[in-house]
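Hi,

Here is the structure I promised to pass on.

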Amino acid sequence: MSSTTTSTGAGFRQANDWNANQYLKFEEERTRPARDLLAQIPVSSPRRVVDLGCGPGNSTEVLVSKWPDAQISGMDSSPDMIDKAGARLSSVKFELGDLNTWAPANADEKVDVFFSNAVFQWIPSEKRLPLISRFIEMQAPGGVFAFQVPDNFLEPSHAMMRETASEANKPWTEVLRNRQPALARFQSTQEIYDALIPLCSSINVWHTHYYHVLENHEAVVEWVKGTGLRPFIDPLSEEARKGFVEAYLARIKKVYPVSVDGKVILKYPRLFVVAVRK
Ligand SMILES: C[S@@+](CC[C@H](N)C(=O)[O-])C[C@H]1O[C@@H](n2cnc3c(N)ncnc32)[C@H](O)[C@@H]1O
């Protein structure tokens, strides 16, 4: 990660860090799956809950509303996200850390619920299920590991990013050639079940397709600029980035129809898993 910083108004953000303000432009839509995931967690009054990849604290806030008496904490690898989360929920402990190596401070106090909304797709593909298993192994019987990930690898919004990246002779072609962003398709439901069931008494898996009504095609681009487009545009110079975004927008205009009221519907499939430790 570069050490360059940019002013965000409230503080300073490292270049290539997540941008909490950009992410929060679609806060309501991004938080809805956190509520839908929470609704399926079969625990009524947990003592200890951790929001893994808490982002700007929007998912953590959902947990605090449901379980005001629980000891809830959040962790995330982005300084900008952790800053925003701390400002939003001053009574919650937020910690900077990398999921790949992070563990709760006091191993004897078991975590009743590990919660993770829209995070594990950012973990390299081969590490995802071993990492989830590692967290489940830390839990006592009855503990819950609940996560949601976007399942949009094949959606036009994401296919068009890859198509734009592989255009020949563009200012971004060489930069992106050897670093086609990783965000590989998430593991299948069968792979998830087979990996986790040896540790679990039950696994509840489902998909939901959200249909987000956005103002226009530009809003689709704004949406993904906060998440999936970042690995494509973050490595580019300002000029190459501008060209990439324009070429991407032109494709988005071709593949998403305009509705009768001028709006554009962004179909967004998401995968949910609630696993209970045996
Ligand atoms: C799409 S946001 C989700 C934020 C929030 N949980 C929500 O419900 O909207 C993904 C978050 O995962 C974090 N993240 C990605 N990789 C991580 C890692 N290896 N360790 C910790 N956090 C990570 C990012 O910094 C980002 O804040």
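Let me start with a loop: Asn169 sits in the one between helix 6 and helix 7 (173–177); helices here are DSSP runs of H or I with at least four residues, strands are E runs of at least two, and both are numbered from the N terminus. Asn169 is exposed, at 76% relative accessible area. For that word and its relatives, buried means under 20% relative accessible area, exposed over 50%, and partly exposed in between, with a 1.4 Å probe and protein chains only. Phi of Asn169 is near 55 degrees, a positive value in a residue other than glycine.

Before you go further, some housekeeping: this is a predicted model, in which local features need pLDDT of at least 70, side-chain atom pairs count only at pLDDT 80 or more, and totals for chains, interfaces and linings use all residues. Residues are numbered from 1 along each chain as its sequence is written, and side-chain values use heavy atoms, with hydrogens and water left out.

Ala118 also has a positive phi, about 65 degrees, and is not a glycine. Its place is the loop between strand 6 and helix 5, and with a relative accessible area of 15% Ala118 is buried.

Next, helix 6 (residues 156–165), where you'll find Ala159. Ala159 has 23% relative accessibility, so it counts as partly exposed.

Strand 7 (residues 144–150) is mostly covered, with seven of its seven residues buried. On one side those are Val144, Ala146, Gln148 and Pro150, and on the other Phe145, Phe147 and Val149. Strand 7 pairs in the parallel sense with strand 6 (residues 113–117) over five bridges; strands count as paired if DSSP finds at least two bridges between them. Gln148 in strand 7 is the bridge partner of Asn117. Getting from strand 6 to strand 7, the chain passes through helix 5 (residues 125–137) in a right-handed β-α-β crossover (clockwise from the first strand over the helix to the second, with the strands pointing away from the viewer).

Strand 7 also runs antiparallel to strand 9 (residues 264–277), joined by seven bridges. Phe145 stands opposite Ala275, and Phe147 has Val273 as its bridge partner. Strand 9 has twelve of its 14 residues buried, so it is largely enclosed by the rest of the structure. Strand 8 (residues 200–214) pairs with strand 9 too, antiparallel and over 14 bridges, with Ser202 opposite Val276.

Which polar distances did I note at the ligand?
- A ligand nitrogen is 2.8 Å from a polar backbone atom of Gly53.
- A ligand nitrogen lies 3.0 Å from a polar side-chain atom of Asp98.
- A ligand oxygen is 2.7 Å from a side-chain N or O atom of Asn117.

Taken alone the ligand exposes 600 Å², and the protein buries 96% of that (Shrake-Rupley areas with a 1.4 Å probe).

Cheers

Methods: Polar contact = N/O pair within 3.5 Å; in protein donor to acceptor, adjacent residues only side chain to side chain.
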